[in-house]
Amino acid sequence: MESCINDFTNLDENFTILATTPTGFEKSALDEIKAKVPVVSHCLSQGKIFFQTSKECMTTLHSLKSVDNLYVVVKYIPNYTYNEEKEKALDDLRKIPNNLPWSEVVDFWRLNQLHCKKKVRQFHKTPEEAAEDYEQSNRDQVQDIKGTEEPEKCDDAETPAKRAKLDDILFRVSATRVGKKQSILSQEAEHAFGGELNDHTQWNFDLSNYNFEVNLVLGVDSVLVSTSLTSSSLHRRNITHFGITTLRGTIAYNLARLCKIKTGDIVLDPMCGTGSISIEAASDWKDAFHIAADNFLPAIERTRNNVNYLNKAANQFPVDVIHWDVTNLPWKANSIDVVVTDMPFGKRMGSTKDNRKLYPAALAELARVARVKSGRACFLTRDKRSMSAALQSMKQWWKTKDSFYINIGGLKALVYVLQRSEEIYVKPEEVEQ
């Protein structure tokens with residue numbers, strides 16, 4: 001991993017970005033990064049993508065849809081040995097911040113501030129203030145979609161008053177310990193590293209309302225120092241009307257990306273919930289036709305509200321919302337190019353007993369409407385037994401190209417990537433006739 005990680009020196013040199021993504025989607029996220037950002041080199045680890053790039057990428061970095069958080073690597077120390085005595089180990093840790101180029105890192109932070117979304121303060125607010133912040137956040141999101149004006153921060157940064165405010169750094173240090181072999185705890189590392197950084201830079205610290213976060217990863221035999229480029233996870237977007245099983249934006253986008261959507265494709269989510277998958281797909285593949293559907297009327301209402309809200313500024317999300325039953329689609333055979341959906345897990349929605357009937361019936365109907373040979377599908381589920389049985393019964397029409405586990409809030413779920421076979425699907429009742 002050391003070969004693809006460069007320590008930060010200055011803005012004119014290549015630097016290393018660390019992007020996090022839901023575990024299991026590393027390759028899909030890297031595919032998007034390569035398509036949108038000039039990448040010099042890269043490497044993958046569990047839930048993380050390290051890639052070298054230059055400052056020209058800043059305009060597109062925050063528009064990545066497959067990643068949750070972004071960091072710039074300041075220092076990576078491989079083959080690091082932790083002293084067995086706690087005090088000596090903490091003393092070794094205190095030496096690290098004194099030799100890092102913090103002035104250049106701050107220059108990078110200033111550049112990043114022009115592109116990242118402002119963090120909304122949520123501490124000690126009255127309900128009226130919280131409501132106003134929510135409305136302002138929504139207005140900012142609509143303006144981002146509209147894309148007709150320059151970001152406000154670019155203009156503000158030119159005025160002396162705003163520049164002075166930008167220089168007023170409020171920092172905190174967040175430490176993560178990998179494993180338990182280190183002689184120091186993460187809280188002790190935060191205190192030691194943060195105290196030394198405060199002495200060295202004279203920055204003010206604030207553990208709650210900070211604007212500059214230093215991240216310290218205490219690996220088994222390494223130390224990684226980075227600074228956050230995102231004030232909150234990038235998955236917090238687009239959805240304003242939530243359901244009990246609303247899918248995160250980054251997961252929804254990665255599912256859509258696995259199907260390699262093309263111009264002119266008809267993309268269907270037959271069990272859309274709140275419409276996350278269709279909205280995320282429509283945000284990147286605007287020249288395809290996106291259909292979100294569900295049999296649950298409250299889900300249809302939420303999806304319509306989400307799509308309508310996003311399209312207030314302009315029709316940037318071409319999604320049609322329809323009410324139907326996935327086992328009896330009002331669609332002619334051999335007509336759908338892509339199917340992407342989050343199947344009921346049988347926990348918060350439905351049950352595993354229901355899934356044993358629903359899964360094979362849904363796969364059969366989707367095999368009927370999917371384009372023979374070229375149709376693609378991607379399914380997310382946690383009910384492996386029901387899905388495996390359904391795929392076994394439908395193996396004549398659906399071929400499994402890939403399957404892998406992902407992490408959803410600490411739960412393991414399975415992603416299936418399928419390809420429609422050349423076999424024509426005929427309903428059993430039609431065969432009898």
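**Exercise 1. Find the bridge partner of Thr 381 in E15.**

Solution. Thr 381 has Leu 414 as its bridge partner in E15. Next, place the strands. E13 covers residues 376-381 and E15 covers residues 411-420. Six bridges join these two strands, which run antiparallel. Strands here are DSSP runs of E with at least two residues, helices are runs of H or I with at least four, and both are numbered from the N terminus. Two strands pair if DSSP finds at least two bridges between them.

A note on the model: it is predicted, so local features need pLDDT of at least 70 and side-chain atom pairs count only at pLDDT 80 or more, while totals for chains, interfaces and linings use all residues. Residues are numbered from 1 along each chain as its sequence is written, and side-chain values use heavy atoms, with hydrogens and water left out.

**Exercise 2. Give the strand order of the open sheet formed by seven strands, and name its edges.**

Solution. Step one: the order is E11-E10-E9-E12-E13-E15-E14, with mixed pairing. Step two: the edges are E11 (319-323) and E14 (398-408). Each has a single partner strand, so one side of each is left without a neighbour in the sheet. Step three: neighbouring strands are turned by 20° against each other on average, direction ignored. Axes are lines fitted to C-alpha atoms, for helices over the stretch in contact, and angles run from 0 to 180 degrees between N-to-C directions. Contact means heavy atoms within 4.5 Å.

**Exercise 3. Describe how H12 and H13 cross.**

Solution. Two packed helices are described by the angle between their axes and the distance between the axes. H12 spans residues 352-369. The axes of H12 and H13 come within 9 Å and cross at roughly 30°. The two helices are therefore roughly parallel to each other. The cut-offs: under 35 degrees is roughly parallel, over 145 roughly antiparallel, 65 to 115 roughly perpendicular, and the rest oblique.

Now list the contact residues. H12 gives Thr 352, Asn 355, Arg 356, Tyr 359, Pro 360 and Leu 363. H13 gives Ser 386, Met 387, Ala 390, Leu 391 and Ser 393.

**Exercise 4. Locate the hairpin formed by E2 and E3.**

Solution. E2 covers residues 42-45 and E3 covers residues 48-53. Four bridges join them, and they run antiparallel. Leu 44 stands opposite Ile 49 in E3. Two residues lie between the strands, and Gly 47 in the turn has a positive phi of about 75°.

Then widen the view. Eight strands form an open sheet in the order E2-E3-E1-E4-E8-E7-E5-E6, with mixed pairing. The edge strands are E2 and E6 (204-205), and each pairs on one side only.

**Exercise 5. Is Val 173 buried or exposed?**

Solution. Val 173 is found in E5 (residues 170-177). Val 173 is buried, with a relative accessible area of 9%. Buried means under 20% relative accessible area, exposed over 50%, and partly exposed in between (1.4 Å probe, protein chains only). Not counting residues up to four places away in sequence, Val 173 touches Glu 190, Phe 193, Gly 194, Leu 197, Val 214 and Leu 216. Finish with the strand's partner: two bridges join E5 to E6, which run parallel. Leu 170 has Asn 204 as its bridge partner in E6.
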